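I opened a new notebook page for this chain. These are my entries, in the order I looked things up.

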Amino acid sequence: TNGTFATREQTEDFNDWLGEQPHLHKLVVSGNHDVFPPNFSRAHANPSSLLAHADVINDRGVILKLHELCAPLRLYGMPWQPSYGPGFQSNGEDLQEKLDSIP
């Protein structure tokens, strides 16, 4: 799913919804336009602090073992894109460093 969460209440509702889903693995990557909502406290700048029912994989990878007969699935969450607005935007060498850091 995707969405923009402008308030803490919307984020908490999304977390509650995630908790109701039967899936073994729930991964979240911030969207390229996501920004730190101004009405959140500094303690909640990290989305993983509000999303207890998911693994937030911003700028990191995860390896999932889905079934004993299948090879592990490797995923990497990267919300960055070339700059043209607010959020996870970057340019030039900084963006290239982020791309080069993906294993």
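Surface first. I found a nonpolar patch made of L27, L66, L73 and L75. Together these four expose about 300 Å² of accessible area. I noted that the model is a predicted one.

L75 sits in strand β4, which covers residues 73–77. Is L75 buried, partly exposed or exposed? Its relative accessibility is 32%, so L75 counts as partly exposed.

Then I turned to the inside. Which residues make up the largest nonpolar core? I listed six: F14, L18, V28, L51, A54 and V56. I wrote a general reminder beside the list: in soluble globular proteins, nonpolar side chains tend to be buried together.

Leaving out residues up to four places away in sequence, V28 touches F14, L18, L51, A54, D55, V56, I57 and N58.

I also checked A52. A52 lies in the loop between β1 (27–28) and β2 (55–56). A52 counts as exposed because its relative accessibility is 68%, and the cut-off for exposed is over 50%. From A52 to L18 I read 34 residues in sequence and 8.9 Å in space, C-alpha to C-alpha.

Last, the whole chain. I counted two helices and six strands. From the N terminus, the order is α-β-β-β-β-β-β-α. Of the 103 residues, 25% are buried. I took contacts between residues at least 6 apart in sequence, and 50% of them join residues at least 24 apart. The chain exposes about 7100 Å², with 54% of that from carbon and sulfur atoms.

Notes: Residues numbered from 1 in each chain as written. Predicted model: local features only at pLDDT ≥ 70, side-chain atom pairs only at ≥ 80, totals over all residues. Heavy atoms only, no water. Core = buried A, V, L, I, M, F, W, Y, C linked by side-chain atoms within 4.5 Å. Buried < 20%, exposed > 50% of the residue type's maximum accessible area, 1.4 Å probe, protein only. Contact = heavy atoms within 4.5 Å. Patch = residues over 30% accessible without salt bridge, like charges linked within 9 Å, V, L, I, M, F, W, Y side chains within 5 Å. Areas by Shrake-Rupley, 256 points an atom, 1.4 Å probe, with all protein chains shown as cover. Salt bridge = Lys/Arg side-chain N within 4 Å of Asp/Glu carboxyl O. Helix = DSSP H or I, 4+ residues; strand = E, 2+ residues; numbered from the N terminus.
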